[in-house]
Amino acid sequence: MPSVGVAEIVSTVVQPDLFAAAIRIATPLALAAIGGTICERSGVVNIALEGLMLISAFFGVAAALACPVVLGITGVAASWIGVLAAILAGVVMASLHAFASITLKSNQVVSGTAINILALGLTGFLIQVFYQRTGTTDSAVLIPPLFAFDPKPSGGLATAWNWFSGVALGHTPLVYITIVIAIAAQWALYRTRWGLRLRALGEHPRAADTVGISVVRGRYMAVLMSGALAGLAGANLTLEQVGSFSENMTAGRGFIALAANIFGRWTPVGSYLAALLFGFAEALEIRLQAFIGVIKIPPQFFLMLPYILTVVVLAGFMGRAVAPAAVGKPYEKE
Amino acid sequence: MSTPEEITAQRARWMTVAQKAGTPLMSVLLAMIVGSLIVLASGGDPVAAFSSLWEGAFGNAYQTGETIMRSTPLIFTGLAIAYGFRAGLFNIGAEGQLFMGGLAAAWLGIVLAGLPWFVILPVMLVLSAVAGALWAFIPALLKAKVGAHEVITTMMFSFIARYFVSYMLNGPLKAPGPGGTPGTIPISAVLPPQSTLPKFTDLFPWLPPNNAHVGFLVAIGVAVVVWLLLKYTTVGYEARAVGFNPFAAQTGGVSIALTTVWSLCISGSLAALAGASEVMGVHHRLSDQFSAGFGFTGIAVALLAKNHPIAVIPAALLFGGLAAGSGFMQLNANVPDKLVDIVQALVIFFVAAESIITWFIKRRQKEATRNA
């Protein structure tokens with residue numbers, strides 16, 4: 001192999017598609033992280049994000065595949081029904097977590113773990129029942145990008161346009177919806193009565209209760225919303241990115257999302273930006289793998305990077321974060 | 001002859017044991033009922049499923065041996081997670097420490113091959129445990145110093161461990177192919193006999209053929225040691241104190257930070273023993289698929305045992321039996337073996353939500369009063 005200089009590697013890697021990939025990879029992380037933010041702001045830990053994503057990723061595909069047979073709906077429309085099914089699956093699984101941690105006052109981390117293992121087992125079980133094989137499902141129709149664009153010939157403004165369209169315009173709908181959700185949730189959390197009440201539940205539920213806010217109802221709503229958001233995350237993975245579901249395909253994304261939520265200081269926009277950082281790291285790692293022969297670092301070390309970055313972020317090398325005061329504690333009414 | 005008072009006291013003690021065992025047994029029962037419903041809903045036969053599960057777990061000597069073999073790593077991981085829980089820590093990354101323990105054993109077994117077995121075996125087990133403790137050390141330190149949640153950090157470390165093991169098996173530890181050619185598959189060299197844990201049938205040839213190995217006895221021994229450690233030593237006492245009420249423990253002069261580091265490292269070393277015993281007793285080499293999620297099943301084991309080191313043994317046997325029976329069930333009742341994972345998750349859920357029964361009764365009472 002001819003020797004390749006650093007400049008060459010940089011110019012090959014730093015292309016619009018690197019940043020586009022970062023945004024794409026960040027999307028499911030961000031959705032789950034915002035779900036985690038809302039959930040933890042209400043005082044409930046949601047370790048189950050991983051499982052919620054996994055189960056909705058599966059039901060999204062399963063519903064999209066069933067649509068032509070059951071409803072006679074085919075193509076992209078079926079995949080959109082899959083998205084709705086994924087949200088529903090996320091909400092149903094999250095209601096289990098809500099019931100265990102709010103009504104039954106169980107250990108929230110343990111209940112979340114149960115859901116993670118349940119999601120893993122149930123999806124594996126259902127693949128075999130539905131598709132008579134192990135590992136992966138059939139492929140659903142992918143939801144196409146929202147805008148189609150043609151690269152312009154290079155030079156001056158055209159380069160700028162190519163960069164802009166390359167980074168920002170080639171994405172699928174949920175990618176944009178996620179950005180809207182991040183901004184809307186940020187606004188709702190700090191500028192609406194709902195947001196104020198939600199934050200009160202996580203900081204001082206007793207005070208919230210005293211002024212007449214229902215702790216139980218508020219927390220249920222928050223957990224179910226996090227289920228819906230994790231559901232969208234799962235839908236993005238299978239119906240916009242991969243097309244099919246394979247066992248344990250979330251590969252720790254739910255946990256990385258939790259770290260993104262912490263790094264984002266329990267705010268929706270912060271969660272989105274933190275997810276973007278993780279997305280960028282992973283996009284970079286994927287592109288650098290092409291230069292393994294040159295960089296002489298085994299591929300496994302590249303694959304470790306997102307996980308190492310998560311630990312570094314949590315280690316507080318990038319500043320300390322303070323969790324909502326009452327997070328993880330069941331509320332006992334007096 | 002015991003006096004009536006003694007008999008009453010004894011009966012009271014048995015009542016507490018029964019009460020303590022009640023919820024876990026109830027959870028298993030509920031999990032199996034829900035599991036049966038899932039089988040039924042998917043068009044299977046739950047009776048056939050669970051009877052072939054039983055057959056596969058304890059049907060004959062060979063299958064019983066499989067159950068013992070599969071419960072051995074679960075005793076270790078169950079102990080690891082139970083010890084963490086006692087200190088208020090959730091070591092969800094036991095799988096990663098298990099991988100590091102397996103890696104250490106696969107490497108040491110080759111390096112130390114010149115020594116006699118009675119030196120190698122203890123040295124391998126101890127150093128593998130140390131490897132697991134070291135792997136848990138950074139998450140422990142981060143928890144103690146900056147409060148980074150161990151659930152996320154140990155989980156991340158378990159992904160890192162798996163990639164590290166994959167690297168080692170594709171590089172430095174890869175076994176050479178036949179005739180000194182470079183190896184083609186990511187797997188380590190076979191351990192020499194003196195660095196493996198013998199099967200029971202090796203020691204007692206009159207036993208019916210089965211795959212259970214001496215690691216099971218080591219696991220039981222370690223369970224007793226952990227029990228003694230928690231009950232009678234300062235380290236164990238402080239772990240329990242911090243787990244019970246960290247602020248009270250601190251007021252009483254216990255260092256939360258130090259106890260956290262010690263406890264998570266001990267937990268990591270126990271998980272690593274699971275990896276070492278799998279490499280030394282079952283596979284006799286390391287591959288990157290050598291663990292069937294033992295680190296995660298350990299969570300169910302610990303919860304079912306209510307974090308009691310001795311109770312971990314029967315809990316591990318239950319899940320070992322489910323694992324041994326699952327393949328049998330898939331083959332004979334045509335029910336996917338993943339059913340066992342579902343049952344396992346449900347057990348965790350029901351143990352965690354132990355108030356589900358009281359909640360249900362209260363609700364019924366409320367309805368009854370409303371209707372009256």
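Reader: Where is the place of Gln132(A)?

Author: A quick note before we look: this is a predicted model, where local features need pLDDT of at least 70 and side-chain atom pairs count only at pLDDT 80 or more, while totals for chains, interfaces and linings use all residues. Residues are numbered from 1 along each chain as its sequence is written, chains are lettered from A and ligands numbered from 1 in the order in which they are written, and side-chain values use heavy atoms, with hydrogens and water left out. Helices (H or I, at least four residues) and strands (E, at least two) are DSSP runs, numbered from the N terminus. On that numbering, Gln132(A) sits in chain A, in the loop between α5 (108-131) and α6.

Reader: What is the phi of Gln132(A), which is not a glycine?

Author: Most residues other than glycine have a negative phi. Gln132(A) isn't a glycine, yet its phi is positive, at about 55°.

Reader: Is Gln132(A) buried or exposed?

Author: The cut-offs go by relative accessible area: buried is under 20%, exposed is over 50%, and partly exposed is in between (1.4 Å probe, protein chains only). Gln132(A) has 63% relative accessibility, so it counts as exposed.

Reader: Which loop of chain B holds Lys306(B)?

Author: Lys306(B) also has a positive phi, about 50°, although it is not a glycine. At 36% relative accessibility, Lys306(B) counts as partly exposed. In chain B, Lys306(B) lies in the loop between α12 (294-304) and α13 (312-333).

Reader: What covers the buried residues of α6(A)?

Author: Helix α6 of chain A runs over residues 157-169, and its buried residues include Ala158(A), Asn162(A) and Leu169(A). The cover over the buried residues of α6(A) includes, from chain A, α2 and α7 (173-191).

Reader: How many salt bridges does the structure hold over all chains?

Author: Side chains of opposite charge can pair when their charged atoms come close. A salt bridge is a side-chain nitrogen of Lys or Arg within 4 Å of a carboxyl oxygen of Asp or Glu. Over all chains, the number of salt bridges is four.

Reader: How many residues apart in sequence are the parts tied together by Asp17(A) and Arg287(A)?

Author: The side chains of Asp17(A) and Arg287(A) form a salt bridge at 3.1 Å, N to O. Asp17(A) is in helix α2 (residues 16-41) of chain A and Arg287(A) is in helix α12 (residues 268-288) of chain A, so the pair ties together parts whose separation in sequence is 270 residues.

Reader: What is the N to O distance in the salt bridge of Arg133(A) and Asp138(A)?

Author: Arg133(A) is partly exposed at 34% relative accessibility. Asp138(A) is partly exposed too, with a relative accessible area of 32%. Their side chains meet in a salt bridge, and N to O comes to 2.0 Å.

Reader: What is the relative accessible area of Glu150(B)?

Author: In chain B, the side chain of Glu150(B) meets that of Lys143(B) in a salt bridge (2.9 Å, N to O). Lys143(B) is partly exposed, at 25%. Glu150(B), though, is buried, with a relative accessible area of 2%.

Reader: Which residues does Thr153(B) touch, not counting those up to four places away in sequence?

Author: Thr153(B) lies in helix α6 (residues 150-170) of chain B, and it is buried at 0% relative accessible area. Touching here is contact, meaning heavy atoms within 4.5 Å. Leaving out residues up to four places away in sequence, Thr153(B) touches Pro139(B), Leu142(B), Ala148(B), Val311(A) and Leu314(A).

Reader: How far are the C-alpha atoms of Gln63(B) and Gly88(B) separated?

Author: Gln63(B) is in helix α3 (residues 61-86) of chain B and counts as buried at 12% relative accessibility. Along the chain, Gln63(B) and Gly88(B) are 25 residues apart, and their C-alpha atoms are separated by 37 Å.

Reader: What is the radius of gyration of chain B?

Author: Chain B has 15 helices and zero strands. The radius of gyration is taken over C-alpha atoms, and the globule rule is 2.2 Å times the number of residues to the power 0.38. For 372 residues that rule gives 21 Å, and chain B comes close to it, so it is as compact as a globular protein of that length, with a radius of gyration of 22 Å.
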